[in-house]
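These are my notebook entries on one chain. I record what I looked up and what I found.

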Amino acid sequence: DHLLPDYVKSQLGSLGLWFLGFGADRWEDRLLASAVLDVRRSKEPGNLVAPQLGRFEAAYWTSRGIQQHAYDLPDFVTRLEKASK
């Protein structure tokens, strides 16, 4: 319940959430991701941008309702820049 400071919790309230290159292959990373996801009140699904995921990690993100996008970060940034023009 106290993994995240109140300020961080308030900032995550209703915002969309993107995990850019964040891996959840270690339990510490899953603990942090779960803490962040548990305080969100947004109905908008979260998103993950990562080049490749193992089966376990992909299953974790799916179980948390996170949409997965298989891009390298530089490729994702390039696509984002093109889309914003």
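**Entry 1: an arginine in a loop**

Where is the place of R40? I found R40 in the loop between α2 (27-39) and β2 (47-49). I took helices (H or I, at least four residues) and strands (E, at least two) from DSSP runs, numbered from the N terminus. The model is predicted, and I kept its limits in mind: local features need pLDDT of at least 70, side-chain atom pairs count only at pLDDT 80 or more, and totals for chains, interfaces and linings use all residues. Residues are numbered from 1 along each chain as its sequence is written, and side-chain values use heavy atoms, with hydrogens and water left out.

R40 is buried but has no salt bridge. Buried means under 20% relative accessible area, exposed over 50%, and partly exposed in between (1.4 Å probe, protein chains only). A salt bridge is a side-chain nitrogen of Lys or Arg within 4 Å of a carboxyl oxygen of Asp or Glu. The nearest side chain of opposite charge is that of E44, 5.8 Å away; Lys and Arg count as positive, Asp and Glu as negative, and His and the chain ends are not counted. The side chain of R40 does reach the backbone oxygen of E44, at 3.0 Å.

**Entry 2: the nonpolar core**

I then turned to the largest nonpolar core, which has 14 residues. Such a core is a set of buried Ala, Val, Leu, Ile, Met, Phe, Trp, Tyr and Cys residues joined through side-chain atoms within 4.5 Å. L17, F19, L37, L48, W61 and I66 touch the most other members. Both α2 and α3 (55-63) supply at least two residues of this core, and the largest share, four residues, comes from α2. In soluble globular proteins, nonpolar side chains tend to be buried together.

I also listed the contacts of L17 (heavy atoms within 4.5 Å). Beyond its neighbours within four places in sequence, L17 is in contact with L12, V36, L37, R40, G46 and N47.

**Entry 3: aromatic pairs**

How many aromatic pairs does the structure hold? I found six. Rings of Phe, Tyr and Trp (its six-membered ring) pair if their centres lie within 6.5 Å; planes under 30 degrees apart count as stacked, over 60 as edge-to-face and the rest as tilted. F19 and F22 form a tilted pair, 5.6 Å centre to centre with 35° between the planes. F22 and W61 form an edge-to-face pair, at 6.3 Å and 70°. F22 lies in the loop between β1 (18-20) and α2 and W61 in helix α3, so this pair ties together parts that are 39 residues apart in sequence. I noted F19 as buried at 8% relative accessibility, F22 as partly exposed at 22%, and W61 as buried at 0%. Ring pairs link F19, F22, Y60 and W61 into a cluster.

**Entry 4: salt bridges**

My search of the whole structure finds four salt bridges. The side chains of R64 and D38 meet in one of them (2.7 Å, N to O). This pair links distant parts of the chain: R64 is in the loop between α3 and β3 (67-69) and D38 in helix α2, 26 residues apart. R64 is partly exposed at 27%, whereas D38 is exposed at 56%.

R79 and D75 also meet in a salt bridge (3.3 Å, N to O). Because they are four residues apart in helix α4 (residues 73-83), R79 and D75 are separated by about one helical turn. R26 forms a salt bridge with E28, with the closest N and O atoms 3.9 Å apart. Finally, I recorded that R26, E28 and D29 are linked in a network of salt bridges.

Conventions: Polar contact = N/O pair within 3.5 Å; in protein donor to acceptor, adjacent residues only side chain to side chain.
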